[in-house]
Amino acid sequence: MSASSTLRIHELTAEERAVYATLKPERLPEHIAIIMDGNGRWAGRRSLKRFLGHQQGARSVQMVTETASRIGLPWLTLYAFSLENSLRRPRAEVSFLMRLLRSYLESNLQRMMDNNVRMRYIGRIHDLPPEVQEKMQWVQDATARNTGTTLTLALNYGGRSELVDAFRGLAREMERKHIAPDRITEEDIHRHLYTAHMPDPDLLIRTSGEMRISNYLLWQIAYTEIFVTERLWPDFRGIHLLEAIADFQRRERRYGGIGEDGGEVEEDPQRIHIAAS
Ligand code: FPP
């Protein structure tokens, strides 16, 4: 399924088109989430200051978003700033990231419009500096009618704090409607998540090689396929997104089932007894 926009495959680079040609269009993911990691290491390997890594990382955000919009990916959700980032990084780096976000939003609005991208945010947005929130709202409003890829930036985001916020919202609703706890369903929790309006990610990409989830979309990734690449985020481009999709398409998703070639399981009561004795 693709975002309700015309595909713009002709706008892909020749290399991207070659990878795209190997994909099965009917099995494209609907939602890709990315943990963008490695900006600091990218800068360190070049003896540059960390902030230059973040600056280069912001360029990757734009390039990858544009490729996503060309292939009609409906949902792209990027981990841009975690709650832990704001608590555990030097103040100067946090304030640089905030300024970078503002200038990114300002200077890329036109490209978002040209690419039919709709901008949204998840996280504890209300705790961000007011001038950043203002710019965020401005871009969200300006792109609200676009029908292509929805780019969601997770900002001041934490998976556990999202669950806390969801449970608080649900508890208030239950109190108001006099609902008993044993009537709570998974759907009720889903309705109170920041991501209630979008499908769960089919594919989670993490750059720079760490095998961690880092408190990202904890509820939503229950059945998500995970793709970890050694490539650092500032070196990640649209072609790497397409390669990750190709890898995803080679996998068989089971959702707790036994897959397409799962045949009859022969029962062997004796084996069960051996194991139990
Ligand atoms: C991790 O690099 C990345 C982040 C702190 C978040 C991602 C931020 C950007 C891509 C830049 C700005 C984004 C937007 C939307 C304008 P790191 O510093 O943890 O890298 P390291 O692990 O190598 O130190």
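The ligand sits in the largest pocket, where a pocket is an open set of points on a 1 Å grid over the protein atoms alone, at which a 1.4 Å probe fits, with protein on both sides within 12 Å along at least five of seven lines; a molecule sits in a pocket if more than half of its atoms lie within 2 Å of its grid points. This is a predicted model, in which local features need pLDDT of at least 70 and side-chain atom pairs count only at pLDDT 80 or more, while totals for chains, interfaces and linings use all residues. Residues are numbered from 1 along each chain as its sequence is written, and side-chain values use heavy atoms, with hydrogens and water left out.

Around the ligand there are 16 residues, of which Gly40, Arg41, Arg50, Ala80 and Arg89 come nearest; a residue is counted as near if one of its heavy atoms lies within 4 Å of the molecule. By type, this shell divides into six nonpolar, six polar and four charged residues, with Ala, Val, Leu, Ile, Met, Phe, Trp, Tyr, Cys and Pro taken as nonpolar, Asp, Glu, Lys and Arg as charged, and the others, Gly among them, as polar.

Helices α2 (39–44), α3 (50–70) and α5 (91–114) each supply at least two residues of the shell, and the largest share, four residues, comes from α3. Helices here are DSSP runs of H or I with at least four residues, and strands are runs of E with at least two, numbered from the N terminus. The protein chain as a whole has 10 helices and six strands.

A polar side-chain atom of arginine 50 lies 2.7 Å from an oxygen atom of the ligand, while a backbone N or O atom of glycine 40 lies 3.0 Å from a ligand oxygen, and a backbone N or O atom of asparagine 39 lies 3.1 Å from an oxygen atom of the ligand. Taken alone, the ligand exposes 620 Å², and the protein buries 91% of that, with accessible areas coming from the Shrake-Rupley method and a 1.4 Å probe.

As for the setting, the C-alpha atoms of the protein chain fill a box of roughly 70 × 55 × 40 Å, taken along the principal axes.

Notes:
Polar contact = N/O pair within 3.5 Å; in protein donor to acceptor, adjacent residues only side chain to side chain. 1 Å grid on protein atoms, 1.4 Å probe; cavity = no way out; pocket = protein on both sides within 12 Å on 5 of 7 lines; lining within 4 Å.
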